[in-house]
Amino acid sequence: MLDNDVKELRALSAEHQNTVFEMEDKIKAFPKKEQNLLTVLDNLHSDREHLRKLPTDDETKLPIFKITIGETEYTDRKEAAKALETAVLAVKQADRPVKIGEFQGFPLSVTVNSPAMGGGVSATINGAYPHNTKLIESFSHNLKRLEGCLYNVDRKINDTNSRLSKLRVDFSEAQKMVAEPFPQEQELADKESRLKTLTEELNEAAIEAKNNAPQKVKTCYFERAKLKKEAMRVSKQKSDKSKEKSKNSELIDQ
């Protein structure tokens, strides 16, 4: 039916409009999001350049191990693990990063997380970009975790580039969607017009039918009932007057 078609098209039109609103929000947020990712890329490139300037191990091709805890620099992993453990266990205040030294020339801080914040201990290597990792009970493994979160800078750069590319593609698609009208707009307009005309014709026909309808004739039953009711009222009035007259006559005789 025509009215069902109109309802369906209106629902599709409303859905299209909601999508347009979402795309407009994306377009509005795009400049800030793009700038944030570009800043992240700059910071990651800066950290990578810092790492490339460090002396490297001939075997691993990675920077030669070096960590500073407090004021002491460690190149021996066993000693470094013990010093790191002591420094971490000395942190008493929760949910606040505490600087404990440096790793490969970058400031190193740890945070003891309260249960409300998920618990556990996390470490942050504060380069131009913050490199985070969770610490575990084995501090010899924690040294490897520090290296892993810092030395995977190339992967972070690739991931950020992917996010930036996707953001730009989404922005372009959003612009296209906002520029495109509802594809069934003309069909909706035509059917709404037809429905309006049909509704007006039906209303006019209903009014005309009502005006041309024969007047309803009251039945004799109702007329007789009305006359009977009126007769009873008149009879009661006469009876009341007769009683009043009789009462007055008795008073005179006395």
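**View 1. The largest pocket of the predicted model and the residues around it.** About 150 Å³ of space lies in the largest pocket, where a pocket is, on a 1 Å grid over the protein atoms alone, an open set of points where a 1.4 Å probe fits, with protein on both sides within 12 Å along at least five of seven lines, and where the volume is the space filled by probe spheres set on the points. The lining, meaning residues with an atom within 4 Å of a point, consists of Arg-48, Leu-51, Arg-52, Thr-56, Lys-61, Leu-62, Pro-63, Tyr-151, Val-153 and Asp-154. Two elements, α1 (2-52) and α4 (153-179), each give two or more residues to this lining, and the largest share, three residues, comes from α1. Sorted by class, the lining holds five nonpolar, one polar and four charged residues; here Ala, Val, Leu, Ile, Met, Phe, Trp, Tyr, Cys and Pro count as nonpolar, Asp, Glu, Lys and Arg as charged, and the others, Gly among them, as polar.

This is a predicted model, in which local features need pLDDT of at least 70 and side-chain atom pairs count only at pLDDT 80 or more, while totals for chains, interfaces and linings use all residues. Residues are numbered from 1 along each chain as its sequence is written, and side-chain values use heavy atoms, with hydrogens and water left out.

**View 2. Arg-48, one of the residues that line the largest pocket.** Arg-48 lies in helix α1 and, at 17% relative accessibility, counts as buried, a term for residues under 20% relative accessible area with a 1.4 Å probe and protein chains only. Apart from neighbours within four places in sequence, Arg-48 is in contact with Val-153, Asp-154 and Ile-157, contact meaning heavy atoms within 4.5 Å.

**View 3. The crossing of helices α2 and α3.** The axes of α2 (residues 77-89) and α3 (residues 139-151) come within 8 Å and cross at roughly 95°, the axes being lines fitted to C-alpha atoms over the stretch in contact, with angles from 0 to 180 degrees between N-to-C directions. The two helices, α2 and α3, are therefore roughly perpendicular to each other, a description that covers angles of 65 to 115 degrees. On the α2 side, Arg-77, Ala-80, Ala-81, Leu-84, Glu-85 and Val-88 meet Phe-139, Ser-140, Asn-142, Leu-143, Leu-146 and Glu-147 of α3. By class, this contact of α2 with α3 brings together seven nonpolar, two polar and three charged residues.

**View 4. The protein as a whole.** The protein has six helices and six strands, which are DSSP runs of H or I with at least four residues and of E with at least two, numbered from the N terminus. Buried residues make up 26% of the 254 residues.

Note on methods. Angles under 35 degrees count as roughly parallel, over 145 as roughly antiparallel, 65 to 115 as roughly perpendicular and the rest as oblique. Buried means under 20% relative accessible area, exposed over 50%, partly exposed in between (1.4 Å probe, protein chains only).
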